[in-house]
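Reader: I'd like to go through the labels on this one and hear what backs each of them up. Can you show me what we're looking at?

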Amino acid sequence: MEQHETGTQKDLALYRLDSAKDCLETAKILMDLGKFKSANNRSYYSILNAINAVHALNGVAYKRHKDVIANFNRDYIKTEIFPKVLGRKIAEAEEIRHASDYDDFYIALKDEADEQIATAEELLRLVEDYCNKQT
């Protein structure tokens, strides 16, 4: 595995934000192909990477998805740095991704995948603005 130089917390946040954008782009491609389950997965990972970008600015990292989301809700949603409605949307995205990936007979719908992509887009816009204002 190739070793990379270390950067600042802001560098890490921007890297994670780029990863979130890549996942969102992939979700849209999958959506166009009618692959709704996979689009749900990529939308969720776009959301998770965006949240991790925010955490990176504070120098914190979490191994488990539930910790990433719980701490984001505690530190950024409950304090209304980000809109409270996003907390519910993120929880829904997590549930849908889990069902899409693990439930054998789960049928992902186009409207549902559209909603997940819209949530990822909304969060990405807000996180990008937040990251840009931090320095």
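Predicted model: local features only at pLDDT ≥ 70, side-chain atom pairs only at ≥ 80, totals over all residues.

Reader: Let's start in helix 2. Why is asparagine 40 called buried?

Author: Asparagine 40 has a relative accessibility of 1%. The cut-off for buried is under 20%. So asparagine 40 counts as buried.

Reader: What is asparagine 40 in contact with, leaving aside its neighbours within four places in sequence?

Author: Asparagine 40, which sits in helix 2, is in contact with Ile96, Arg97, Ser100, Ala108, Glu112, Ala113 and Gln116, once neighbours within four places in sequence are left aside.

Reader: Which side chains make polar contacts with the side chain of asparagine 40?

Author: The side chain of serine 100 does, at 3.0 Å, and so does the side chain of glutamate 112, at 3.3 Å. The limit for a polar contact is an N or O pair within 3.5 Å, so both pairs qualify.

Reader: And asparagine 41: what makes that one buried?

Author: Asparagine 41 has 13% relative accessibility. Buried means under 20%, so asparagine 41 counts as buried. Asparagine 41 is also in helix 2, which covers residues 36–57.

Reader: What does asparagine 41 touch?

Author: Leaving aside neighbours within four places in sequence, asparagine 41 is in contact with Arg97 and Asp101. Its side chain also makes a polar contact with the side chain of arginine 42, at 2.9 Å.

Reader: Arginine 42 is the next residue along, so why does that pair count?

Author: Residues adjacent in sequence count only if both atoms are side-chain atoms. The contact between asparagine 41 and arginine 42 is side chain to side chain, so it passes that test.

Reader: How do you know whether serine 43 is buried or exposed?

Author: Serine 43 has 0% relative accessibility. With the buried cut-off at under 20%, serine 43 counts as buried. Serine 43 is in helix 2 and touches Ala27, Gln116, Ile117 and Ala120, not counting residues up to four places away in sequence.

Reader: Now the helix pairs. What makes helix 2 and helix 5 roughly parallel?

Author: Helix 2 and helix 5 pack at an angle of about 15°, with their axes 9 Å apart. Angles under 35 degrees count as roughly parallel, and helix 2 and helix 5 are therefore roughly parallel to each other. Their crossing is left-handed. Among the residues making the contact are Asn40 and Ser43 of helix 2, and Glu112, Gln116 and Ile117 of helix 5.

Reader: Why is helix 1 called roughly antiparallel to helix 2?

Author: The axes of helix 1 (residues 9–32) and helix 2 come within 8 Å and cross at roughly 170°. Over 145 degrees counts as roughly antiparallel, and that makes helix 1 roughly antiparallel to helix 2. This crossing is left-handed as well.

Reader: What covers the buried residues of helix 4?

Author: The cover includes helix 2, helix 3 and helix 5. The buried residues of helix 4 include Leu86, Ile90, Ile96, Arg97 and Ser100.

Reader: What makes isoleucine 96 buried?

Author: The relative accessible area of isoleucine 96 is 9%, and buried means under 20%, so isoleucine 96 is buried. Isoleucine 96 touches Asn40, Tyr106, Glu112 and Gln116, not counting residues up to four places away in sequence. Isoleucine 96 and asparagine 40 are 56 residues apart along the chain, while their C-alpha atoms are separated by 6.9 Å.

Reader: Why is glutamate 80 called exposed?

Author: Glutamate 80 has 56% relative accessibility. Exposed means over 50%, so glutamate 80 counts as exposed.

Terms used: Residues numbered from 1 in each chain as written. Heavy atoms only, no water. Helix = DSSP H or I, 4+ residues; strand = E, 2+ residues; numbered from the N terminus. Buried < 20%, exposed > 50% of the residue type's maximum accessible area, 1.4 Å probe, protein only. Contact = heavy atoms within 4.5 Å. Polar contact = N/O pair within 3.5 Å; in protein donor to acceptor, adjacent residues only side chain to side chain. Axes fitted to C-alpha atoms, helices over the stretch in contact; angles between N-to-C directions. Parallel < 35°, antiparallel > 145°, perpendicular 65-115°, else oblique. Left-handed = near helix turned anticlockwise from the far one by under 90°.
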